[in-house]
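Take a moment to look around before you read on.

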Amino acid sequence: MKHLIIGAALAAALAVPATAQEVTLARFFGACEDAGTDTKTSVGEACIIQSIINAASEQIDGVTVNTLPTDWGNYYDQLKAAYAGGTAPDVHVMHRSSVAEFAGLGALADLTDDLAAAGIDTTDWAPAALDAVSFDGGIYGVPMDFHANLWHVNMDLMAKAGLVQDGKPILPTSPEEMLAQAKMVKDATGQDYLAADFAQFPIGVRLVLALMWQQGANIFSEDGTATINTDAARNAVTAITQLFDAGVANPQLNYADSQQAFLNGEAAMLVNGTWVVDFYTAEAAKEEVGLNNYQVADFPTLFDEGATWADSHMWAIPASLKANDPEKFQAALKVLAFINDHNVDWARTGHMSVRKSVVASEEYANLPHRADYTGTASIARDTPPSERYGAIQDVLNRELQAIWLTGKSVDTALGDAEAEVQDLLDR
Amino acid sequence: MNKQTKPLRHVLGQSQAAALLLLPFMSVYLLFLVYPFFRGVWISLHDWNLLAVAFNPDAKEFVGVSNYIKVMWGKNIIWSPLASPVLQLMGLGGAITSALLHRSGRLGRTTALAIGIGAIVFFILPGFHPGEGGRWYDRRFWPTVGNTLVFVGLTVPGVTLSALVLAVSLNRETRAMSVLRTLFFLSQVLSVTVVTLIWQIMFSPRQGLIANVTELFGGSPIVWLTDERFAMAAIVITTIWWSLGIAMILFLAGLQDISRDLYEAGALDHATGVRAFWYITLPNLKRTITLVIVLQIILHFQVFGQSHLMTNGGPNDTTQVLVRYIYQTGFRDSDLGRASAMAVFLFVIMGAFSVLQFVLGREED
């Protein structure tokens with residue numbers, strides 16, 4: 001692979017006068033000031049991805065990468081504005097869930113026939129990864145990971161509550177059992193059973209979605225009918241609200257506060273994504289952090305079938321770059337190939353790799369806690385594709401927050417959510 | 001000198017010279033304000049997807065006022081005089097009061113007319129509601145307008161009162177006072193991102209200053225930004241802290257225009273302290289107060305950053321404001337036509353307040 005890249009780079013260097021191509025790159029994941037170029041030692045999503053980008057800029061001949069300043073919360077708004085203004089970044093990250101919208105409008109370059117020449121072997125991608133970047137028969141990006149919701153566990157609190165067996169946490173198999181175990185934790189430790197961001201990002205939404213999928217239900221069907229005001233949704237919501245009512249979980253914590261509560265040792269469980277596994281591992285090793293004995297678990301099955309919310313990060317190139325600037329397009333492809341080659345480094349975050357060769361490697365298997373959540377890949381789910389994915393998530397987040405933060409009745413909230421999602425699907 | 005200016009005078013008449021001097025301003029004004037405004041109105045009459053039209057200019061479709069209807073109207077909307085009793089009675093009361101005040105000669109004609117019209121709008125608008133089986137096409141729009149009004153209604157008096165109190169107490173020629181004036185103005189120069197970051201930390205229930213103080217006195221900390229009862233208050237407090245400076249400077253300028261003689265004459269009649277403030281300072285500051293209030297109203301209708309960065313419009317949409325909704329509709333949902341229709345609505349509101357200021361300012365001359 002490397003030879004192929006070097007060969008391609010040499011060929012490119014010979015073919016064009018030796019002017020360095022500057023590739024602009026946009027990404028979320030947050031800022032990392034001094035990421036360096038060592039892709040093996042950086043910690044946390046922001047620093048790991050930036051170290052890979054820095055290394056790409058340093059190691060690819062004739063290509064420098066300029067990372068544009070962006071903000072997590074407004075990333076897609078910024079990206080859309082850039083596309084609409086004709087100033088799209090040459091390379092950018094996005095979610096699988098946004099492919100329908102961007103590729104559907106012709107914004108993304110079809111890479112189907114360019115990947116092999118750039119040294120990207122699509123047959124090494126897991127089928128679900130290929131599926132994630134495919135749209136209407138074309139390949140519109142290079143997948144980087146599968147990420148999903150996990151349960152992050154404070155084993156000391158679980159042990160005090162007697163909820164550890166053979167070194168593994170005992171997880172609930174039904175909503176009733178969850179409440180019973182939650183009370184055991186509260187009685188034994190005085191701490192909350194479960195923390196999550198129920199007040200800011202749609203992590204609470206993903207929790208409810210998972211519990212709906214576990215009952216074989218979904219929030220809307222492929223033909224565009226909203227199905228939110230249902231018994232399955234009510235069961236899912238009450239499985240969570242019973243924890244708030246019993247005082248064993250706090251709905252008012254946002255992302256940072258819920259994470260801090262878990263790290264302080266104030267909650268036995270944190271529902272959050274794969275992206276924080278290495279960060280929490282590093283934090284738990286610190287003396288001053290309340291969390292000492294950290295483990296990870298697959299999202300437990302509280303109903304009939306296993307399911308947890310999942311998505312994919314992927315890298316794409318604008319269609320306009322491929323059409324108008326073939327040289328820079330080749331440079332952008334090299335950056336994508338470099339990121340694809342460093343998939344195992346990205347997996348250090350805790351994300352699941354998209355490459356079969358990486359998954360089979362010893363380096364991957366030896367990553368911290370990797371063995372704790374091997375079941376997640378097979379229960380990964382998401383809503384049907386929709387151009388209004390972001391708006392729909394927002395409706396659900398608002399109505400669910402109304403339930404647990406403002407005491408809106410479950411029936412009214414689900415009814416309002418269904419009507420509004422239907423409006424969005426019909427628009 | 002004379003030799004040089006004379007020929008120039010011959011070349012350019014007075015109005016021509018004026019036109020020449022106005023040209024730079026007018027060209028920028030037309031290009032960057034007037035043209036985009038009419039373009040916005042034009043977009044609001046189309047079904048216009050931000051990305052689709054960017055890639056294919058023909059992807060838009062003329063739909064007339066359909067965007068306005070979808071945003072502001074609904075199915076089976078009816079009007080009744082007591083649909084929102086509190087607001088409507090307030091409006092009715094305001095209209096009657098302004099008429100009575102005009103009759104008794106305490107309000108000028110135009111002022112009474114302006115307040116009366118505003119009050120009648122307050123009586124009419126909240127009376128619309130969906131009848132049986134009816135619904136608003138966009139159920140978030142009017143609540144969002146309501147939130148924006150609440151925000152403006154709390155922030156403007158808050159800023160005006162606190163800036164007035166500060167200005168009066170800092171209006172002295174000592175070094176300490178000028179240092180304090182600078183300090184109070186300092187928050188104004190910060191950008192909205194910095195201001196909201198500072199206050200997010202202040203309001204944080206885990207590490208915030210406010211939570212620490214409440215805990216010191218044995219209270220349990222308020223979760224300001226995610227509690228329905230406090231979220232709006234939190235962004236109002238932040239905004240007052242942030243935009244105090246300009247109002248304070250305007251008041252200080254107004255205060256320095258009041259002649260010392262008035263206070264000396266008042267002192268002879270035992271009007272000092274609070275009485276001097278009430279009978280001398282306030283009446284003389286009337287124009288400045290009107291200016292500050294109208295400027296603040298126009299400014300705060302455009303609130304965006306505080307709501308977007310501190311609460312994401314939540315919880316349960318209680319801090320969702322108009323500009324944030326326009327932004328979401330335009331960029332997240334790519335629905336530029338609909339977003340423009342809302343923006344035109346916002347323009348009408350702010351335009352009305354600008355006209356009001358114009359009317360009030362002329363009357364006092």
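Helices here are DSSP runs of H or I with at least four residues, numbered from the N terminus. With that in mind, α10(A) is followed by A:Gly265, whose phi is positive, near 80 degrees. Please remember that this is a predicted model.

**Helix α10 of chain A**
- Helix α10 of chain A covers residues 255–263, and its buried residues are A:Asp257, A:Ser258, A:Gln259, A:Ala261, A:Phe262 and A:Leu263.
- The cover over these buried residues of α10(A) includes the strands β6 (142–154), β9 (192–196) and β10 (267–273), along with helix α11 (277–284), from chain A.

**Where chain A and chain B touch**
- Chain A puts 24 residues into the contact, and chain B puts in 21 residues.
- On the side of chain B that touches chain A, the elements giving two or more residues are α3 (50–55) and α16 (322–332) of chain B.
- The largest share of that side, five residues, belongs to α3(B).
- Sorted by class, the chain B side has nine nonpolar, seven charged and five polar residues.

**Two helices crossing in chain B**
- How do the axes of helix α7 (residues 141–170) and helix α11 (residues 231–257) of chain B cross, and within what distance do they come? They come within 6 Å and cross at roughly 45 degrees.
- The crossing of α7(B) past α11(B) is right-handed.
- In the contact of α7(B) with α11(B), 18 residues are nonpolar, six are polar and none are charged.

Notes:
Residues are numbered from 1 along each chain as its sequence is written. Chains are lettered from A and ligands numbered from 1 in the order in which they are written. This is a predicted model: local features need pLDDT of at least 70, side-chain atom pairs count only at pLDDT 80 or more; totals for chains, interfaces and linings use all residues. Two residues are in contact if their C-beta atoms, placed from the backbone, lie within 7 Å. Ala, Val, Leu, Ile, Met, Phe, Trp, Tyr, Cys and Pro count as nonpolar, Asp, Glu, Lys and Arg as charged, and the others, Gly among them, as polar. A residue is buried if 20 or more other C-beta atoms lie within 10 Å of its own, exposed if 12 or fewer, and partly exposed in between; C-beta atoms are placed from the backbone. Axes are lines fitted to C-alpha atoms, for helices over the stretch in contact, and angles run from 0 to 180 degrees between N-to-C directions. A crossing is left-handed if the near helix is turned anticlockwise from the far one by less than a right angle, and right-handed if clockwise.
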